[in-house]
Amino acid sequence: MVKIYALHKVEYAKETAMAAPGENLKINPDRLWDSLMEMAKIGPGVAGGNNRQTLTDEDAEGRALFQKWCEEAGCTMGLDTMGNMFAQRDGTDPDALPVYVGSHLDTQPTGGKYDGVLGVLGGLELLRTMNDLGIKTKHPVVVTNWTNEEGTRYAPAMLSSGVFAGIHTQEWAYAKTDAEGLRFGDELKRIGWQGDEEVGARKMHAFFELHIEQGPILEAEGKDIGVVTHGQGLSWTQVTVTGKDAHTGSTPMPMRKNAGLGMARMLEAVDQIAWSHAPHAVGAAGHIEVYPNSRNVIPGQVIFTVDFRSPDLSVIEDMEKRLRVEGQKIADDMGLEVAFEKVGGFDPVAFDEGCVSAIRSAAERLGYSHMDVISGAGHDACWINGVAPTAMVMCPCVDGLSHNEAEEITKEWAKAGADVLLHAVLETAEIVK
């Protein structure tokens, strides 16, 4: 497969050596912004953001609105058995593989209005602009909404794009359960978005994903566009520490088996491990459950997930190993039991040079300031990069804040990102004169 893919990339590079679209081609920023605000009305959060978690009724409502807009733009909608949505605008060559763009519409429980959504609706705006200007392309252009990118209700993240790319099996994904024990496959069927199309059967000429940076670098450097050359690798390890529930007032200190204290010492070790690989490695625990979670009971069990990331696979492997060794020693010293389970992750990604070049050239042609960046977050593009030439374009977000209802971008940043996406896609899909 590796050799075949390498040949595919060579052919792709040859095919995309063509004239670039004129710099006067721009998206409609007001229409894009209005679409973002309209989608944000579905699954509103409590503080100005969104809670539109995957496979909820709100997710179904957002999908229906997206499909309505796509059909109004003259697209046909495909739906596979993982619920991935594919809105296609036909090209002039029925044998040409489509150029795909997209991201996700699901959010964190306290998510913002732009994470993922900008990539989906930016792709829709691309199609609308092509309609406005009467642009025809040799290759079809397809806008995708990937199911369950966030992984907050059903771990791991990027679940459906992972099945599409052959990383996970559909049977395994369908069996995943949420905190209430509801199965992914059952909930997908319940909300009415389980399609008949075989997942992963589609072939791609290329894939582009527009996304907010989710970090502070672009804003701090005063850059309009991030040209994403690589994606950090990620490792999620779920740690279960078991001690003994006991009364906080009547249990002597030497007789306690405090699982909460064990977790605290392990999290200190996580921080030290990440710092030892500065400046590019990071580590923390964002998911923590304490049992029985009562004010006057010493925690008898805690479950938490350690998130390690680095653009270097050997660093990730070292951090994983050290977590297990140091965590086990902490547990042994405190008379606790500990178990480790890797529940998600992916290797660092190097995006396709031809697609990256198309994004960089588009930014330069349009006069947008830009810089190369490494994505610190996981994205569907990281999985799709394994089956098709792929790259990402990023725009800044205020203070680098994301996965937070206060997440914010400007209309100008959204326009710049969508303009660059438009040009990169048109160059790759080949405008027909």
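A salt bridge is taken here as a side-chain nitrogen of Lys or Arg within 4 Å of a carboxyl oxygen of Asp or Glu. The structure is a predicted model, and a search of the whole of it finds 20 salt bridges. Side chains of opposite charge can pair when their charged atoms come close.

**Selected salt bridges**

| Asp-30 | Lys-411 | 2.9 Å |

Arg-190 has a relative accessibility of 44% and so counts as partly exposed. Both residues also belong to a network of salt bridges, in which Asp-57, Arg-153, Asp-178, Glu-187 and Arg-190 are linked.

The side chains of Asp-30 and Lys-411 likewise meet in a salt bridge. This pair links distant parts of the chain, with Asp-30 in helix H2 and Lys-411 in helix H13 (residues 411-429), 381 residues apart. Asp-30 is partly exposed at 42% relative accessibility, and Lys-411 is partly exposed at 31%.

Arg-322 and Glu-326 both lie in helix H10 (residues 313-334); because they are four residues apart, about one helical turn separates them. Arg-322 is partly exposed, with a relative accessible area of 25%, and Glu-326 is partly exposed at 27%.

**Helix H3 and its surroundings**

The buried residues of H3 are Asp-59, Ala-60, Gly-62, Arg-63, Leu-65, Phe-66, Trp-69 and Cys-70. The elements covering these buried residues include helices H2 (29-39) and H4 (117-133), together with strands E1 (76-79), E2 (85-89) and E4 (141-145). After H3 comes Gly-74, which has a positive phi, near 85°.

**Annotated region**

An unreviewed UniProt entry places the feature "domain: Peptidase M20 dimerisation" at residues 232-324. Over residues 232-324 the chain is 31% helix and 37% strand. The end C-alpha atoms of that stretch are 21 Å apart.

Definitions and conventions. Residues are numbered from 1 along each chain as its sequence is written. This is a predicted model: local features need pLDDT of at least 70, side-chain atom pairs count only at pLDDT 80 or more; totals for chains, interfaces and linings use all residues. Side-chain values use heavy atoms; hydrogens and water are left out. Buried means under 20% relative accessible area, exposed over 50%, partly exposed in between (1.4 Å probe, protein chains only). Helices (H or I, at least four residues) and strands (E, at least two) are DSSP runs, numbered from the N terminus. Contact means heavy atoms within 4.5 Å. UniProt positions are given in the numbering used here, feature names are shortened, and annotations may be inferred rather than shown by experiment.
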